[in-house]
Structures are given as C-alpha cells and as structure tokens.
Amino acid sequence: MSTPPTTDLRSRMPNPLPFVPEMAVVAEGLHKVMKNGSIPQVTIHLLQLRAGQMLGSTYFTIRETANLRQAGESEERITAVATWRDATSFTDAERVALELVEAVLSPNPSGERVPDELYAKASAHYDDKALWTLIMAIAHIGFFTPAALIAKPIPGMPPGQNYSE
C-alpha cells in the first residue's frame with residue numbers, strides 16, 4: 001500500500017512552465033514518441049525505473065514504481081528491477097532495454113558506453129522504430145534529470161502538481 005505524500009513536502013523550485021513554457025513542447029514530443037506503440041509501455045517504465053534508481057532520484061523511482069503498479073506489474077518484478085541481471089522475471093527484450101539504460105548512464109572510462117555487441121543484442125529484439133523509441137525513453141529521463149535532481153519535484157505528485165508555488 002503506497003503512502004500518499006505529506007502536505008509538508010516541498011520542491012526546491014516552483015513549476016518551471018511559467019518561466020520556460022517551451023519546455024512543455026519538448027516534453028510533449030518525447031511523451032508522444034514513447035507512446036507510439038512500437039514497444040510495450042511496461043518496458044519504458046522498467047527502464048525509466050532503473051534510470052531513476054541509478055540517478056538516485058526519489059521522484060523518478062516513485063513515479064515509475066506507481067506507473068508499473070498501475071499497469072498491473074507484480075511487486076516481484078518492480079522490486080527486481082534493481083537486480084535485474086539476476087532476476088528471472090524479465091524477458092530478453094526487457095533485459096536489453098535495462099542493459100541499454102545502464103550503459104548510457106554508466107561512465108566507462110575504458111571504452112564506449114554502448115559497444116557494438118550491446119547494439120547488436122538490442123537490434124535483435126527491436127526494429128529501428130522501436131530502438132529509436134527506446135532511445136527517446138532514455139532521452140526523456142536525461143531531459144528531466146536536472147529538474148529531478150536540482151529542482152526536486154515532490155515525489156508521488158502528478159506532473160503539474162509536483163512543484164511548490
């Protein structure tokens with residue numbers, strides 16, 4: 001059972017849209033791409049949950065956990081995202097998506113982050129449109145990472161209501 005956020009939680013900054021309304025256009029475009037039907041929404045939520053965990057973002061982690069619950073995902077699968085490599089509850093395509101987001105977000109001082117072998121695994125599971133959709137799902141997290149970590153929107157609150165005024 002999830003606990004609703006308390007009313008004393010505050011973001012560090014106010015809603016950005018009155019200050020930079022152009023941001024909504026970019027966000028709307030990314031959301032449209034992620035809902036183009038080329039990959040399951042659950043896969044997007046899984047990779048975005050993993051990104052939130054890696055970034056240390058409570059906001060992303062709570063948001064994507066809620067999205068996965070709403071989609072009917074089991075607590076076992078949601079919890080196992082943090083240790084997906086050892087979990088048996090993910091499909092090969094989901095594993096590739098999780099591996100891609102980890103590769104993109106993890107520094108690799110000894111080589112490129114997404115080697116040819118990983119790209120080959122991804123392209124074996126996803127066609128070009130689906131791969132671009134995965135890329136945009138990762139870009140979505142990248143786009144909002146500074147806001148999540150600096151402005152600190154209120155965890156558990158829906159967009160538009162997740163900033164203190």
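Residues are termed buried when their relative accessible area is under 20%, exposed when it is over 50% and partly exposed in between (1.4 Å probe, protein chains only). The model is predicted, so that local features need pLDDT of at least 70 and side-chain atom pairs count only at pLDDT 80 or more, whereas totals for chains, interfaces and linings use all residues. Residues are numbered from 1 along each chain as its sequence is written, and side-chain values use heavy atoms, with hydrogens and water left out.

Helices are DSSP runs (H or I, at least four residues), numbered from the N terminus. In helix 2 (41-55), the buried residues are V42, T43, I44, H45, L46, L47, Q48, L49, R50, A51 and G52. Because 11 of its 15 residues are buried, helix 2 is largely enclosed by the rest of the structure. The elements covering these buried residues include helix 1, helix 3, helix 4 (75-80), helix 5 (92-105) and helix 7. Just after helix 2, G56 adopts a positive phi of about 70°.

N15 is located in the segment before helix 1 (22-34) and is buried, with a relative accessible area of 13%. A polar atom of the N15 side chain lies 3.0 Å from the backbone nitrogen of L17. Contact is defined as heavy atoms within 4.5 Å; leaving aside residues up to four places away in sequence, N15 touches G160, Y163, S164 and E165.

Methods. Helix = DSSP H or I, 4+ residues; strand = E, 2+ residues; numbered from the N terminus. Polar contact = N/O pair within 3.5 Å; in protein donor to acceptor, adjacent residues only side chain to side chain.
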